[in-house]
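Please look over the sequence and the model below before reading on. The briefing that follows takes one topic at a time.

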Amino acid sequence: MIEIIKKNKLLAAVSLAYILLFIAMPEKAYLSVKNSMYYIIEMLEIMPVIFILTSIIEAWVPKEVIMNGFGEKAGIKGSIFSFLLGSFSAGPIYAAFPICKMLLKKGASIANVVIILSAWAVIKVPMLANEAKFLGAHFMGIRWILTVISILIMSYLMTVFVKKENIPVQEEQSLSKVTGIDIKKQYCIGCGLCEKLMPQHFKVVDKKAKCKESALNDTQINELKAIIDKCPVKAIDFK
Amino acid sequence: MDIFTVSLWGITGVAFIASLVKDKQKTFNSMKMAKGMIKNMVGQIIGILLLIGLILTFIPPEVIKSTLGESNTFISTIVSALAGSITLIPAFVAFPLVGSFVDAGASIVPAVAFLTTLTMVGVVTFPLEKQEFGLKFATTRNVLSFVFALIIALTMGVIM
């Protein structure tokens, strides 16, 4: 019970306010419910659409192909790829950090990384549907256009201020020095892909992947390398 | 339902059936993933929607109009942009909240500023960003995003 309240602090606080209100001023409480009803109905109308859209995008947009596609490529094509990658991804902005870090290592430019991060944050496709629902298609459209223009200018400005040398890079470890596996907990979404593919090394506990400690031989390290690439949020690395 | 929502349902429905026909298993797998994401947000969504009712009942529209309305756009926009920078709620639940304020008479300029900084500027996630990309990258990106959020908001105010 306490766990549930801790996880839903906002809902718990609002519910408490409603309970007190129903006791103290029932007519105000009734009015509040009535006021909320309009937005609840609107939300219920759009929720299934957002859910299905997110699922379809997750299933069919070939993110791996996009990521592997642009490596060194700069110019307009790289920018468009970056916009696509950001717009068709799910999750909050920090979920993009490890993916962008990996792309930087692979040779992506700072400008493109900024485009991915910003597009990931503001112009996700299912969210546009939600925005249009509550604020109007006109509002959404204009904000989208202005945001895209701003992101392009920002990505250019960033390359003026920040150089690649400013970004910390870990030395690529030689495979002979690997001592184990490191899972960045803050990025892991507990999707269970690693457990499914290599149950001998990974297990999902409390919605986070844990690795089972064991001495690693060369074949295992090579197998694990494939898993590191497969992890959808790039949360796994050697240590 | 308005025409916009109906057409969204139509497009999504067709795409969904196509997806099922093409690969049932793949579709179900990603639905499972999306379900996990939505499940994490359900508490927040209901909380915000019920909060809207309280706000609309207890804060009269005249107050919203005078504090967030056309008359003092400048200060309210800066404050909204700052609020958006430090808040960490999914944009998903922010739209109905902002929509309710705009319906009650708030100007769209602070509304846009809040929505844009909410997603693009992250004070709470700053340490994480610094760790991955370094201090210079994280600072510059967040400052630029904040400035551009204001520019987007003001431009929207002029256009709309």
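Chain A holds 11 helices and four strands, where helices (H or I, at least four residues) and strands (E, at least two) are DSSP runs numbered from the N terminus. This is a predicted model, in which local features need pLDDT of at least 70, side-chain atom pairs count only at pLDDT 80 or more, and totals for chains, interfaces and linings use all residues. Residues are numbered from 1 along each chain as its sequence is written, while chains are lettered from A and ligands numbered from 1 in the order in which they are written.

**Overall form of chain A**
- The C-alpha atoms of chain A fill a box of roughly 70 × 45 × 35 Å along the principal axes.

**Helix 2 of chain A**
- The buried residues of this helix, which spans residues 9-24, are A:Leu11, A:Val14 and A:Leu21.
- Seen down the axis of helix 2 of chain A, these buried residues fall within an arc of 90 degrees (taken from the directions from the helix axis to the C-beta atoms), so they line one face of the helix.
- On the other side of helix 2 of chain A, the exposed residues include A:Lys9, A:Leu16 and A:Ile23.

**Where the chains meet**
- In all, 64 residues of chain B are in contact with 64 residues of chain A, a contact being two C-beta atoms, placed from the backbone, within 7 Å.
- Helix 2 of chain B gives the largest share of the side of chain B that touches chain A, 21 residues.

Methods
Expected span 1.5 Å × (residues − 1). Buried ≥ 20, exposed ≤ 12 C-beta atoms within 10 Å, placed from the backbone.
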